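Please look through the sequence and the structure shown here before reading on. The paragraphs that follow lead from a few working terms to the chain as a whole, and then to some of its residues.

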Amino acid sequence: RSLERYGVLGLATDLSRGRAAVEQLLRVKPLSGSGRLLKARLLQFDHHFDEAITLLDEVIAGHPDLQLEARVVKAGILTVQGRFDAATKTCAALVF
């Protein structure tokens, strides 16, 4: 029982620390592509999909080195939302 409780509390603690670290990174380097990508992943986890997609679009536009991961995360969000055509187009941009 204590392990189960630690698992839930541990996850909450880890997420809280992760959020704090990402926010600190973005305060120091507001245009950090990796920081924005991590923040988008946290927003996705919290089901703030529109905010996450906005950040992911910024990463896609401004950080070509992170485009693959940002597009895959964005496509995942769009799929969860039932926006299959948009998800396909998001990934197709990687191929063509």
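A residue is called buried when its relative accessible area is under 20%, exposed when that area is over 50%, and partly exposed in between, as judged with a 1.4 Å probe and with protein chains only. Helices (H or I, at least four residues) and strands (E, at least two) are DSSP runs, numbered from the N terminus. With these terms, the buried residues of helix 2 can be named as Gly 33, Gly 35, Arg 36, Leu 37, Ala 40, Leu 42 and Leu 43.

The model is predicted, and for that reason local features need pLDDT of at least 70 and side-chain atom pairs count only at pLDDT 80 or more, while totals for chains, interfaces and linings use all residues. Residues are numbered from 1 along each chain as its sequence is written, and side-chain values use heavy atoms, with hydrogens and water left out.

The pLDDT is the predictor's confidence in each residue, from 0 to 100, and its average over the chain is 87, with 86% of the residues at a score of at least 70.

Seen as a whole, the chain has five helices and zero strands, and 31% of its 96 residues are buried. Of the contacts in the chain with a separation of 6 or more, 37% are between residues 24 or more positions apart.

How many residues does the largest nonpolar core have? A nonpolar core is a set of buried Ala, Val, Leu, Ile, Met, Phe, Trp, Tyr and Cys residues joined through side-chain atoms within 4.5 Å, and the largest one here has 17 residues, with Leu 37, Ala 40, Ala 52, Leu 56, Ala 70 and Ile 77 having the most contacts inside it. Helix 2, helix 3 and helix 4 (67–80) each supply at least two residues of this core, and helix 3 gives the most, with seven residues. Ala 52 touches Ala 40, Leu 43, Gln 44 and Ile 77, when residues up to four places away in sequence are not counted. In soluble globular proteins, nonpolar side chains tend to be buried together.

Is Arg 36 buried or exposed? Arg 36, which is found in helix 2 (residues 33–45), counts as buried because its relative accessibility is 17%. A polar atom of the Arg 36 side chain lies 3.3 Å from the backbone oxygen of Pro 30, and Arg 36 also touches other residues beyond four places away in sequence, including Leu 26, Leu 55, Glu 58 and Val 59.

Glu 23 is found in helix 1, and its C-alpha atom is separated by 9.4 Å from that of Arg 36, 13 residues apart along the chain. Because its relative accessible area is 33%, Glu 23 is partly exposed.

Helix 2 is followed by His 47, which is found in the loop between helix 2 and helix 3 and counts as exposed because its relative accessibility is 59%. The phi of His 47 is near 65 degrees, a positive value in a residue other than glycine. Most residues other than glycine have a negative phi.

Key:
A polar contact is a pair of N or O atoms within 3.5 Å; within protein, one must be able to donate a hydrogen and the other to accept it, and residues adjacent in sequence count only if both atoms are side-chain atoms. Contact means heavy atoms within 4.5 Å.
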